[in-house]
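Work through the exercises below with the model open beside you. Each task is followed by a solution in steps.

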Amino acid sequence: MPSKQPDHIVIGAGFTGLLYATLSILKGETVHVYEKRNRIGGLIQSVRTPFGLVETAANGILNSYRLEALASELNLELLPSRKDSKKRYIWIDGGPKRIPISFFGALRVLYGIAAIPSGVRGDESVFQWGKRVLGEEAVKNILEPGLSGIYAGDLRTMSAKLVLEKFLTLDAPLWKNIRATIAAKKNLPRVPKSRRGTVSFRGGLGELLNAMETKVKSSLGSEIFYSETAPSLAALRKKYPKSKITIAAGLESSLRILSSFDPNFKRYVRVCRSLSVVTATRFGKKPLLGNKNGFGILFPPGSGFRARGVLLNSQIFDGRAADGNNSETYIFGGALDEEIAKSKESEIISFLEEDRKRIVPGGDDPLNHYVTVWKSALPAYDAALLEFNRELDRSLPEGVFVEGNFRYGIGLSSILERAWGRRAFDR
Ligand SMILES: Cc1cc2nc3c(=O)[nH]c(=O)nc-3n(C[C@H](O)[C@H](O)[C@H](O)COP(=O)(O)OP(=O)(O)OC[C@H]3O[C@@H](n4cnc5c(N)ncnc54)[C@H](O)[C@@H]3O)c2cc1C
């Protein structure tokens, strides 16, 4: 076990841990990172196969001036998504639709945006919030497929405070909140137009994680300890009384680490849930939507598909499939289909092929599949997680931080935004 006193100790070398470690190093601090596996990356792995690149979790990150600055520090070139990939589809009434709502449904949405107070009421779920503000059709055809695609959760138990409140600072109609969000962003540096939206790197998101790993390993006084589960928080505090500690170990591990340190956290181990997700990348010859271009299709619950959605990889980023082949990633599981994580790989491939046949009955023979099953991968954004976050906000000991995809935002851009904000306050 290392003994020198680093400025910062980080537990976990996934995206979150490596990010906090890198930002510390860029500030001139020394960092020790503990990673229980023999590799970095956590959920994110960019795997090169003879058929093309496979991302096992995130396939892209929403660009921001923060990501631009980080990439530039690491000498990385961002890969913008292709212009013709901007269109998003939702499967409604037997086909992929860009506007998945009827004339009357749209009128109801407009009325809600213009006139209904959008501040979150009490313990409202996202489902209740959506019905109240935007109307039933928008919930069924837009919010449900969209948010269950991102959070893998169930809108009926998803906490509106946790998911939406940061965008709803005023208890006023939605248009005023949208205007306030745009105004708040106005003074921030802007991203060049050609790189707005979702971006990645030529070698996938793994390239960013590898560059952060190299940055830590090559900095004097900083180290990554592989295959080393972090010692208990009490032991770390005793041995390194002056180092700040960031726990970036995912929800389940963070709960275990915290509850063995402070019994206050024990009850969250029982109530906070993590959801299983499955990704299956399929290489074939023909694009799923023929001549139509787009980012992907979301499948609303009850639309007859087992997948929650499909990403059209070859159309999102250049160079994702070899030899002019086509690559698609199907995402399954989450709160509405926990059972799928128990399926065999061959069964998951059949679910994928059955779903694909519903879209293009003629089909196209697959060249290859790559399946990844993530058990307990994503936090359920429910009332228990909201309580846990509040407990973390008020009762962490000084110099101890807990970060990750369960702290007010599941995506990589939210994790980056929080980390950027924290740089200013850390000593
Ligand atoms: C299928 C899927 C698709 C996604 N798509 C997107 C997307 O397109 N865009 C986007 O922005 N986000 C996406 N996400 C979310 C994003 O990938 C995750 O939120 C993010 O990768 C989480 O990173 P993390 O470092 O917080 O956690 P993890 O990746 O879980 O890393 C935690 C690390 O801590 C280590 N660890 C755990 N316990 C200990 C311990 N006691 N001691 C030492 N080490 C420990 C683990 O081994 C692991 O390496 C997706 C997620 C999934 C599952």
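## Exercise 1: Domains

The centres of domain 1 and domain 2, taken over C-alpha atoms, are 29 Å apart. This is a predicted model.

**Task.** State which residues make up each domain, and describe the contact between domain 1 and domain 2.

**Solution.** 
- Step 1. Count the contacts. Domain 1 supplies eight residues, which touch 11 residues of domain 2.
- Step 2. Sort the domain 1 side by class. Six residues are nonpolar, one is polar and one is charged.

**Task.** Which residues does UniProt give for the feature "domain: Amine oxidase", and how far apart are the end C-alpha atoms of that span?

**Solution.** 
- Step 1. The unreviewed UniProt entry places this feature at residues 27–226.
- Step 2. The end C-alpha atoms of residues 27–226 lie 24 Å apart.
- Step 3. The span is 38% helix and 15% strand.

## Exercise 2: Strand β2 and its partners

**Task.** Find the strands joined to β2, with the number of bridges and the direction in each case.

**Solution.** 
- Step 1. Start with β1 (residues 8–11). Four bridges join β1 to β2, and the two run parallel.
- Step 2. Turn to β10 (residues 223–225). Three bridges link β2 and β10, again in parallel. Here H32 is partnered by E223.
- Step 3. With helix α1 (residues 15–26), β1 and β2 form a right-handed β-α-β unit.

**Task.** Which way do V31, H32, V33 and Y34 point from β2, and are they buried or exposed?

**Solution.** 
- Step 1. Recall the rule. Side chains in a regular strand alternate between the two sheet faces.
- Step 2. Apply it to residues 31–34. V31 and V33 point one way, H32 and Y34 the other.
- Step 3. Check burial. All four of these residues are buried.

## Exercise 3: An open sheet and a hairpin

**Task.** What is the strand order in the open sheet of three strands, and which are the edge strands?

**Solution.** 
- Step 1. The order is β5-β9-β6, with antiparallel pairing.
- Step 2. The edge strands are β5 (61–62) and β6 (79–80), since each pairs on one side only.
- Step 3. Inspect one pair. β5 and β9 (residues 198–200) are antiparallel, with two bridges. I61 is the bridge partner of V199 in β9.

**Task.** How many residues lie between β3 and β4 in their hairpin?

**Solution.** 
- Step 1. Confirm the pairing. β3 (residues 46–49) and β4 (residues 52–55) are antiparallel, over four bridges.
- Step 2. Two residues lie between β3 and β4 in the hairpin.
- Step 3. Look across the pair: T49 stands opposite G52 of β4.

## Exercise 4: Positive phi

**Task.** Where are N75 and D323, and what phi values do they have?

**Solution.** 
- Step 1. Most residues other than glycine have a negative phi.
- Step 2. Take N75. Its phi is positive, about 55 degrees, although N75 is not a glycine. N75 sits in the loop between α2 (65–73) and β6.
- Step 3. Take D323. Its phi is near 50 degrees, also a positive value in a residue other than glycine. D323 lies in the loop between α12 (313–316) and β15 (326–333).
- Step 4. Classify exposure. N75 is exposed because it has 8 C-beta neighbours inside 10 Å. D323 is exposed because it has 10 other C-beta atoms within 10 Å.

Note on methods:
Residues are numbered from 1 along each chain as its sequence is written. This is a predicted model: local features need pLDDT of at least 70, side-chain atom pairs count only at pLDDT 80 or more; totals for chains, interfaces and linings use all residues. A residue is buried if 20 or more other C-beta atoms lie within 10 Å of its own, exposed if 12 or fewer, and partly exposed in between; C-beta atoms are placed from the backbone. Two strands pair if DSSP finds at least two bridges between them. A crossover is right-handed if, with the strands pointing away from the viewer, the path from the first strand over the helix to the second runs clockwise. Domain bounds come from an automatic or database domain assignment. Two residues are in contact if their C-beta atoms, placed from the backbone, lie within 7 Å. Ala, Val, Leu, Ile, Met, Phe, Trp, Tyr, Cys and Pro count as nonpolar, Asp, Glu, Lys and Arg as charged, and the others, Gly among them, as polar. UniProt positions are given in the numbering used here, feature names are shortened, and annotations may be inferred rather than shown by experiment.
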